[in-house]
Amino acid sequence: PALTSCLLPTLKSRLAQPIWQLLSCIANEAQDRGWNLYIVGGGVRDLLLTEDDKPLLLQDIDLVVDGFHRAADDRSGVTLANTIREKYPQSRLSIHGEFQTAALLWHKDPILDNLWLDIATARTEFYPYPAANPEVEASSIRQDLYRRDFTINALAVRLTPPRKQEFSRKGDLLDFFGGLIDLKARKIRVLHANSFIEDPTRIYRAVRFAVRLHFTIEPQTEEYIKYAIDSGVYERLRLSDRQAPALTTRLRAELKYILQAEYWKPALKLLADLGALRCLHQDLQLTPQLWWEIRCISRWLYYLDPENQLQHWLIRLEILICSLPTSEREIVAVNLQLPKDSIQRVRQLDQIATEIIPQLPKKQLPSEIYQLLNSYKYVGLILLGVRSSPEIRKILWQYLTKLSQVKPILNGNDLKELGYKPSPLYKQMLNDLLAATLDSKITNQQEAEAFIKDKY
Ligand code: ATP
């Protein structure tokens, strides 16, 4: 898009009007206090990246307030958010004190929809050692932008007029690191050589943005990624490390983003090509077998769970983890702080395999297959199915798609109407009915009643 010297008219015309009004309101409040306000990050990137005449749909907006280095202004982001909260009582405020960041959230708001607005105080980050959590201190906008991941995410538009002697004007694009050139050349570029050492989750972000935006990772940046991985940066992502819980939480969030996106396949391939799966476990590799399994499980999930009740991204992650030796799986799952049932599934997979696989081929009747598999959890059987031989896989598929859905033709009430007194025997009767239904011995209510009367 043509870059005008002042981006405010573009911003105004492309944002939904209520959002523009909200931003103007925050800018006025900042200006009244003598602070500078900027919109930064993804919002600016997307403004410059998409067509001039298209509406800019933002659900997350990142603002930075620059409080002129006065100690008292350390919390200027929080102060601003508090003020706005009073003007917009439908919003919810949450404050992350440590990082001087405040978020205003609107939930299903009739006007602002599900808007998430972050207001941060301009900050610099110091990394006491690589991959540590950022320690934050109030600082200027340039330094705030310098701590960001990629040049295309380190752009800002100034929303307040400058104070004396400041170089930028209201509406100016602040591009200290060549983000605009990289946007035009469609390149993902880090701001400095140490970026991935400082924060290995950026490797996953680089892949996510590259694939999602159809950008390429600029060669030097790719070298930095490979260097970070070769130098064992992923060791920082182990829970034994002091800073790891925060980092692994972010790594899991990035993995979720990637594995639930429609572009998960090229993203996973790219992660593997870069060697980045080693961040999950140093031996994890996307072998042809694993690539087949993950595509297979995705097709199964698509078919078995069209409503997306199960967390497909998580199950994809589990199949990746299950390619590791048994003893390593739980460690990785715990390390990524996966939910309990997920950890349990990867831990128990081999156990259920030894219980099921030798028995399954011996089962002739559908009711016998049902009997064997019924006590196992559905998703565990999906994992097992995808990793099994074609013969076993076929039977498990039959169970998952058909047998597990079958219900007895009669229920307790029907038995009562047939004159049987409620008793523990009901359970047995219903089981027999179910088995007979599974084996197609009975197909309708009449046959079911005759079956019961005959047997009891
Ligand atoms: P999306 O459209 O996916 O939401 P986004 O750029 O808004 O993209 P977020 O994850 O919401 O992405 O992050 C907001 C901004 O925060 C980014 O644009 C980037 O400047 C900065 N950021 C986020 N994560 C990191 C990180 N790990 N390291 C450095 N900067 C980061």
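Helix α8 gives the most residues to the shell around the ligand, contributing 3. This comes from a predicted model.

**Around the ligand**
- The ligand is surrounded by G41, G42, D60, D62, R148, D149, N153, D199, T201, R202 and R205.
- Two elements, β2 (60-66) and α8 (201-213), each give two or more residues to this shell.
- By type, the shell holds 7 charged residues, 4 polar residues and no nonpolar ones.

**The largest nonpolar core**
- This core has 117 residues, and those touching the most other members are Y38, I39, L63, A156, I203 and V207.
- The core lies between domain 1 (8-182) and domain 2 (405-455), because both domains give residues to it.
- In soluble globular proteins, nonpolar side chains tend to be buried together.
- Leaving aside residues up to four places away in sequence, V207 touches I258, A267, L270, L271 and A276.

**Helix α14**
- Helix α14 covers residues 326-335, and its buried residues are R329, V332, A333 and N335.
- Seen down the axis of α14, these buried residues fall within an arc of 160°, so they line one face of the helix.
- An α-helix has 3.6 residues a turn, so residues three or four places apart point the same way.
- After α14 comes Q337, which has a positive phi, near 55°.

Key:
Residues are numbered from 1 along each chain as its sequence is written. This is a predicted model: local features need pLDDT of at least 70, side-chain atom pairs count only at pLDDT 80 or more; totals for chains, interfaces and linings use all residues. A residue is near a molecule or strand if its C-beta atom, placed from the backbone, lies within 6 Å of it. Helices (H or I, at least four residues) and strands (E, at least two) are DSSP runs, numbered from the N terminus. Ala, Val, Leu, Ile, Met, Phe, Trp, Tyr, Cys and Pro count as nonpolar, Asp, Glu, Lys and Arg as charged, and the others, Gly among them, as polar. A nonpolar core is a set of buried Ala, Val, Leu, Ile, Met, Phe, Trp, Tyr and Cys residues joined through C-beta atoms within 7 Å. A residue is buried if 20 or more other C-beta atoms lie within 10 Å of its own, exposed if 12 or fewer, and partly exposed in between; C-beta atoms are placed from the backbone. Domain bounds come from an automatic or database domain assignment. Two residues are in contact if their C-beta atoms, placed from the backbone, lie within 7 Å. The arc is that of the directions from the helix axis to the C-beta atoms.
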